[in-house]
Amino acid sequence: LEPREPRIYTRNYATVQNDIDVGSVVNTVTARTIFQGQQITRSATATATAILDPSILFTYTVDPDAYNTTGTTINYTLRVTNTGNVRLTNLLVRDELTNYTITIPSLPAGGNWQVIRPYVTTQDDLINGSITNEGSVEVVAPTGETLRESEEITIFARFNELIANDVDVRDNLVNGYTGGVAVNNVTYNDSLAGAPVRLQDVYISLVQAASHPGITLNTSNGRV
């Protein structure tokens, strides 16, 4: 190699996913020679910086999408997909109604994570007529930007038709002094969604007339 004579060598390297996750590729080249009995060494380093494009997709679904009784299990599915080109860490996932919070330690590019959260309907849910829930995911990307996706879902109660017929007690009159059972079940001739009424599916109460303070209603069996 003559003085000031350049010699160019080209080597190719194919990047892998870890190079993007790390953020750069660093390479070092070293040249050595012997001159007048002494070894001479020189090194140079080149860095190629990764172009990071972080992004996430949050999918939120519910099943079933309606309810008509208490005790119905509503399943909320939360799914997070890493749609970017770099690994994401410490993703915070929340489901408000079920009071659920979890941190996903790591999600590679192209990877996904999923959880199903159950919720059981209450009497208040029937009274309110609807249930609203929100799920979300949030993460600080390697670029320093905060990525957040959220979705809100509302499902509605479907009320069944209730036909409450009057109960005729003239054939089973009760002595006002000794008392007794006038009706074994006030719902015996009623219907709910075209079927006989089950007491666990309805709420019954007694509106007490001031002139008849001795009348009582057993709400567990419908007996008057």
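Reader: How far apart are the closest N and O atoms when Arg87 forms a salt bridge with Asp21?

Author: A salt bridge here is a side-chain nitrogen of Lys or Arg within 4 Å of a carboxyl oxygen of Asp or Glu. Arg87 and Asp21 form one, and their closest N and O atoms are 3.7 Å apart.

Reader: How many residues separate Arg87 and Asp21?

Author: Arg87 is in the loop between β5 and β6 (88-95), and Asp21 is in helix α1 (residues 17-22). Helices (H or I, at least four residues) and strands (E, at least two) are DSSP runs, numbered from the N terminus. The pair links distant parts of the chain, and its members are 66 residues apart.

Reader: Before we go on, what is left out of the side-chain values?

Author: This is a predicted model, where local features need pLDDT of at least 70 and side-chain atom pairs count only at pLDDT 80 or more, while totals for chains, interfaces and linings use all residues. Residues are numbered from 1 along each chain as its sequence is written, and side-chain values use heavy atoms, leaving out hydrogens and water.

Reader: How many salt bridges does a search of the whole structure find?

Author: Side chains of opposite charge can pair when their charged atoms come close. Here the search of the whole structure finds a total of four.

Reader: Arg158 forms a salt bridge with Asp65. How many residues apart in sequence are the parts that this pair ties together?

Author: The closest N and O atoms of Arg158 and Asp65 are 3.8 Å apart. Arg158 lies in the loop between β10 (146-157) and β11 (162-163), and Asp65 lies in the loop between β3 and β4 (66-67), so the pair ties together parts whose separation in sequence is 93 residues.

Reader: Is Arg158 buried or exposed?

Author: Its relative accessibility is 54%. Arg158 therefore counts as exposed.

Reader: Where do Arg148 and Glu138 lie?

Author: The side chains of Arg148 and Glu138 meet in a salt bridge, 3.3 Å from N to O. They are 10 residues apart: Arg148 lies in strand β10, and Glu138 in strand β9 (residues 130-140).

Reader: What is the relative accessible area of Glu138?

Author: Arg148 counts as partly exposed, at 44% relative accessibility. Glu138 is partly exposed too, with a relative accessible area of 30%.

Reader: Which side chain makes a polar contact with the side chain of Asp125?

Author: Asp125 lies in helix α2 (residues 123-128). Asp125 is buried yet has no salt bridge, and the nearest side chain of opposite charge, Arg117, is 15 Å away. (Lys and Arg count as positive, Asp and Glu as negative; His and the chain ends are not counted.) A polar contact is a pair of N or O atoms within 3.5 Å; within protein, one must be able to donate a hydrogen and the other to accept it, and residues adjacent in sequence count only if both atoms are side-chain atoms; at 2.8 Å, the partner of Asp125 is the side chain of Tyr119.

Reader: Which residues is Gly23 in contact with, leaving aside its neighbours within four places in sequence?

Author: Gly23 is found in the loop between α1 and β1 (24-35). Gly23 is buried, with a relative accessible area of 17%. Contact means heavy atoms within 4.5 Å, and the residues in contact with Gly23 are Thr49 and Ala50.

Reader: What is the order of the open sheet of three strands?

Author: Two strands pair if DSSP finds at least two bridges between them. The pairing in this sheet is antiparallel, and the order is β3-β5-β8.

Reader: Which are the edge strands?

Author: Each edge strand pairs on one side only. The two are β3 (56-63) and β8 (112-120).

Reader: Which loop holds Pro64?

Author: The peptide bond from Asp63 to Pro64 is cis, with omega near 0°. Pro64 lies in the loop between β3 and β4.

Reader: What is the phi of Asn99 near?

Author: Most residues other than glycine have a negative phi. Asn99 lies in the loop between β6 and β7 (100-107) and counts as exposed, at 71% relative accessibility. Its phi is positive, near 55°.

How values were computed: Buried means under 20% relative accessible area, exposed over 50%, partly exposed in between (1.4 Å probe, protein chains only).
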